[in-house]
2 protein chains.
Amino acid sequence: MLPLGGLGEIGKNMTVIEYDGRIVVVDTGLMFPTAEMHGIDLVLPDFSYLRDRASDIEAIVLTHGHEDHVGALPYVLREIGVPPVIYGGLLTIGMVRSKLDEHKLADSANLQELPPGEKVRKGPFEIELVHLAHSIPDMRGVLLTTEVGSMLMTGDYKFDQTPVDGRPADIPRLAEIGKEGLLLLCGDSTNADRPGVAPSESSVGPALLRQFSQCEGRIIVTSFASNIHRVQQVIDAAAALDRKVALVGRSMRKNFNIASNLGMAKAPQGLFIQPREIEDFPDEKVVVISTGSQGEPLSALRRMANNDHRDVQLHSGDTVVFSATPVPGNERAVNETIDRIYEIGATVITAKDAPIHASGHGWQEEIKLMLNLTKPRYVMPVHGDHQRLRLHSQLAEAVGVAPENIFRGRNGLPLEIDADGAGFGEDIHAGVMYVDGVNIGDPDDAALRDRRDIAADGIFIVVVTISSDDGSVVADPEVIFRGVAFLDEADALVEDLSDLVEDQLEEAAKSGNRESDLIEEDLHDAVGKFVFQRLKRRPMILPVVIEV
Amino acid sequence: MLPLGGLGEIGKNMTVIEYDGRIVVVDTGLMFPTAEMHGIDLVLPDFSYLRDRASDIEAIVLTHGHEDHVGALPYVLREIGVPPVIYGGLLTIGMVRSKLDEHKLADSANLQELPPGEKVRKGPFEIELVHLAHSIPDMRGVLLTTEVGSMLMTGDYKFDQTPVDGRPADIPRLAEIGKEGLLLLCGDSTNADRPGVAPSESSVGPALLRQFSQCEGRIIVTSFASNIHRVQQVIDAAAALDRKVALVGRSMRKNFNIASNLGMAKAPQGLFIQPREIEDFPDEKVVVISTGSQGEPLSALRRMANNDHRDVQLHSGDTVVFSATPVPGNERAVNETIDRIYEIGATVITAKDAPIHASGHGWQEEIKLMLNLTKPRYVMPVHGDHQRLRLHSQLAEAVGVAPENIFRGRNGLPLEIDADGAGFGEDIHAGVMYVDGVNIGDPDDAALRDRRDIAADGIFIVVVTISSDDGSVVADPEVIFRGVAFLDEADALVEDLSDLVEDQLEEAAKSGNRESDLIEEDLHDAVGKFVFQRLKRRPMILPVVIEV
């Protein structure tokens, strides 16, 4: 078993399970870039291990439709060429179909809904999906059985006893799996630090209704667009208070349409209005459901907060309800959004003010319940930072798993299991790959370092033109800079710099130095030193020698 | 009264109080740059208003020694030239003296301790400091009295009934001020969102001792270096458990020395060890007090987490205690630091796990107490984001201040008060200034935008050399790029680009276009279009035309 993502960092998930030379891939997730990854659009797990193994892939199995579990799929499919079979729950397959259509990859995979409890055999693997609850419908754990035994990848789950769709996690099946004997459990660690049991998703609806009923103006609710049950509860609360609903933001409309076509979401006739109609209705008759719960720069809510949304102009009296919590790393963007909304004069309600959000990941008691039900011989905590992986291990120990049977791995470190035991194999160093525009590849350290350097201090370009005959200067040096701040004395500096460059070139000509490379090196050092003395900054220095 | 900082954003504080043409400045704070401010070192309030008014300044009064209240002082002093009188508490003056020494500005100000309760007259102002409690000793509110009346700038405060130094906020004096009649209260809004009363600083010591006594290996505590009372409590807990103490990090050592020389901090003889001696003592006999509670990139703790600190190599068994909470915006840096510590195998305890931190800013009941004691006619909430300024206003209304007497301003908006009433004057648009290397100036939007653009997509430089006679190309075009990622086919791209440039130049020569500017403009557009087609990216395009 080879995790290509999901360990050590929340947000990217892809695991290769291998038996007898054949492969099943569970999830193909991505993560979003951090602020330091200048210009990077997406971060993918490094799936180069699969490059030469395309013909060995029996199937790709997807636990659920979140981007951190399916987002890398278009890139994986382009890479492996041969269209594989892809299994998943009904909504998962629906969302993936829409995604592949957008990427013009509709023919690159054979998408198949695999109903929970149904077993399918692919090569040496028997594949079964186990229904679990999460913050998106149709979340499924993946049970893979080979001659050696069975392993369960939980995906993201909670044991919600009162989920909105009335379908709690399939505890009876998990108990059976435990009875049949489970070799390995790979379990979600996201909330391994929270004691107790996560609140039920269905507790959010009444809390939203209570908040809504106290609002006198417009209500703008933001949540993850894929959280269909949350959106449904907002719709129900709006309908109960006789308010119209407008869905704002591309992914909000797209996901609702997919779920609605599958019969998983519904609204009374005439409830919906178009975003452009919002202003036609009295404030107290409108609920807007919007993307942007994470403060994403281009999201609908962020535009509203910046007074830059076509259809929704926030104003005093509006209430913005954050029915979501910031994903770690997004706190600043969310706080900035909230503060701008307050500046406009509207009010904000967050999960700190009222129980209007419930996590989709089980807390400690649920993680222990999963362990007790499935009674695995080996445990591998996944999907969490180092602290949570360790806490998950402690929970496993607490319910009686022997410490030597708990494996805390990392991306690229394969766990090898046979009849004799389990242990880590040789690290294949699977890291991450970056998507930058249309390109995808290994992290290009040089380019990113250049971007970081220029972002910090700017760039000086010095172009000199010399005669190829005798190295004499045939045109005035050109000094150009970008991203260099506060150059009050820019003209004087450029003049001094030009003098310096000419001196340097004369010296080079005298000493018989005619190699462009050497001249550029000398120029680089001299200009760098000069600029540092004057500006106490180290911008990138780029000398260009033109010979004519 | 003209706030030059402190409104709308937590972290920078500077206010100009003006009467009869004379000026008192209260605090000269700075803020630290956000991630988007590429290459900016510091952000200062824009104090250009003071530029021509240097001779009108009667005094600068400092509430306390935190950077967001004194950090801009060296820049202000350089600007105004004339050495002003600076008043503050004993520790504040000690810390500022050390700061000015480092900036070689020791002679640029007349630093004077003003004991609380003592009144000093400067021009039309009577100045008095009122002792309050905060997360640094010697915090003082500033009472300014003119013929029109009195105003109190609280600075940062809490009503700690059991502060570590035994000197609670001077409630009797605040009550007197209320009795004498206060015209304007400018109050700290930082914790206006927290109901109740902040825990006492002295509650932290016993909590630290409880945690320490459960640690079997080394203990590394991180907190703000200026929080002398916190550091003292860590020292006391270490001494009680017979552990040695090493102070690690420049500001930790500096601040402790200043406080120690002023008799405000102490340690038993022989308690301290040097950082390089840490490894000479058994793990269970050591407490390290370190900078880095905010995950600062170059801080001692961050280096330890990166396995990159000269004196402290973290290992399994170590416990790192965060006796501080992340300042908004620093969450990611702090979380990354924590996760790396867990990866190493050490354990982390934060304020979420145990009550090992207490905020230095009063909560709602304390804000109300301040209002009730001082009974101001006008209230101006400061030091907080828009949400907290609004909540502070609501608290003022709750204790009976008339809504029309509450002024929520913004940086650069002067509040004008006379016998007839109060109201905002004309906005002078005081924003922020950036410090970048040795330069200080207005935000240079162009430079920052350039940095941001290059950071996102890189830069292409195209140098062409043409004859000044006929515009013909006299040397091959040079194409150089930096920060452009994943250029697998870089050579092919550069070749195609060179062809394009040559075509472009030939066309220009034919059409008689000899103006460098026009040629550069055409080149810019053609190259930009070409690069976008090939890379789906918009790097900066910088054409340079050399005429020989």
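Helices (H or I, at least four residues) and strands (E, at least two) are DSSP runs, numbered from the N terminus. Residues are numbered from 1 along each chain as its sequence is written. Local features in this predicted model need pLDDT of at least 70, while side-chain atom pairs count only at pLDDT 80 or more and totals for chains, interfaces and linings use all residues.

**The chain as a whole**
- The C-alpha trace of chain A spans about 90 × 70 × 45 Å along its principal axes.
- Of its 548 residues, 59% count as buried (under 20% relative accessible area, with a 1.4 Å probe and protein chains only).

**Two packed helices**
- Helix H6 (residues 228-240) and helix H7 (residues 250-261) of chain A pack at about 95 degrees, with axes 11 Å apart; axes are lines fitted to C-alpha atoms over the stretch in contact, and angles run from 0 to 180 degrees between N-to-C directions.
- H6(A) and H7(A) are therefore roughly perpendicular (65 to 115 degrees).
- A:Ile228, A:Val231 and A:Ile235 in H6(A) meet A:Met252, A:Asn255, A:Phe256 and A:Ala259 in H7(A), where contact means heavy atoms within 4.5 Å.

**A parallel sheet**
- Five strands of chain A form an open sheet with parallel pairing, in the order E14-E15-E13-E16-E17; two strands pair if DSSP finds at least two bridges between them.
- Its edge strands, E14 (244-248) and E17 (347-349) of chain A, each pair on one side only.
- Strand E13 (residues 219-222) of chain A pairs with strand E16 (residues 319-322) of chain A over four bridges.
- A:Ile220 has A:Val320 in E16(A) as its bridge partner.

How values were computed:
Chains lettered and ligands numbered in written order. Heavy atoms only, no water. Parallel < 35°, antiparallel > 145°, perpendicular 65-115°, else oblique. Buried < 20%, exposed > 50% of the residue type's maximum accessible area, 1.4 Å probe, protein only.
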